[in-house]
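This report describes selected features of the structure shown below.

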Amino acid sequence: MPKTKSHQTYKNSSGERVPGVTTILGLLDKPAIHYWIADITKQGYDWTKYRDDKGDIGSLAHAMIMAELKGEVIDTLEYSKVQIDQAENCYLSWLEWRKGRGMKHICIETPLVSERHQFGGTPDYLGWIDGLLVLGDYKTGGIWREAYIQTCAYRELLIENGYETPEKIIILGIPRSEDEKFQEILYTSFYAGWEAFLCLSRLNELLKIIK
């Protein structure tokens, strides 16, 4: 797979472009990033190169997981051996996690649009895990608060587009190296995340008006 993927665009039934979930979430302040940049710089790294390298590893790991679920094969020629090794660490951690869970997917990385609220998004996974219908999302590099808001928005997208209602959301934080920990966060309450997303979506529309 190429390192630079074309950005997913979303259009409503009238052919008009609508913002994606991640674009809307970009309005959130992320104070932890400033501390992260300071820490990386203190260690002597160029934080932009470090970020891009880790981003490539995360993208490749995510692609490996999606390819496994879809029964596809991916091309890793554009990646370094170190990047491939770390992405495979993520992939192997995920394989270990999925053992015995009886995963059976309904849709994987399916782009969806909300006509009601005029936004789009691409949930990672909807399917059965441990006998329950689950919306799954896979992260590398930690799980931040916006992941909850993001997946609640994906849940509403799925429901509006005729899919069965997920009973819970599982967000996995998958480690790239030994200094990172495997995380599994489960949500069964979605009100706060969805309301937060609606507020951000409204703010996004208002900012288009404000010059």
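## Aromatic cluster

Ring pairs link Tyr91, Trp94 and Tyr138 into a cluster. Here the rings of Phe, Tyr and Trp (its six-membered ring) pair if their centres lie within 6.5 Å, and planes under 30 degrees apart count as stacked, over 60 as edge-to-face and the rest as tilted. The model is predicted: local features need pLDDT of at least 70, side-chain atom pairs count only at pLDDT 80 or more, and totals for chains, interfaces and linings use all residues. Residues are numbered from 1 along each chain as its sequence is written, and side-chain values use heavy atoms, with hydrogens and water left out.

## Aromatic pairs

The structure contains 7 aromatic pairs. One of them is the stacked pair of tyrosine 91 and tryptophan 94, with 6.5 Å centre to centre and 25° between the planes. Both residues belong to helix 4, where they are 3 residues apart, about one turn of the helix. Helices (H or I, at least four residues) and strands (E, at least two) are DSSP runs, numbered from the N terminus. Tyrosine 91 has a relative accessible area of 18% and is therefore buried; buried means under 20%, exposed over 50%, and partly exposed in between (1.4 Å probe, protein chains only). Tryptophan 94 is also buried, at 0% relative accessibility.

A tilted pair is formed by phenylalanine 119 and tryptophan 194, at 6.1 Å centre to centre and 45° between the planes. Phenylalanine 119 lies in strand 5 (residues 119–121) and tryptophan 194 in helix 6 (residues 191–209), so this pair ties together parts that are 75 residues apart in sequence. Both phenylalanine 119 and tryptophan 194 are buried.

## Helix 4

Helix 4 (residues 81–98) has 18 residues and should span 26 Å at 1.5 Å a residue, which agrees with the 25 Å between its end C-alpha atoms. The expected span is 1.5 Å times one less than the number of residues. Among the buried residues of helix 4 are Gln83, Ile84, Cys90 and Trp97. Their cover includes helix 3 (47–70), strand 6 (125–129) and strand 7 (132–140), where contact means heavy atoms within 4.5 Å. Just after helix 4, glycine 100 takes a positive phi of about 70°.

## Leucine 27

Leucine 27 is located in the loop between helix 1 (21–25) and helix 2 (31–42). At 30% relative accessibility, leucine 27 counts as partly exposed.
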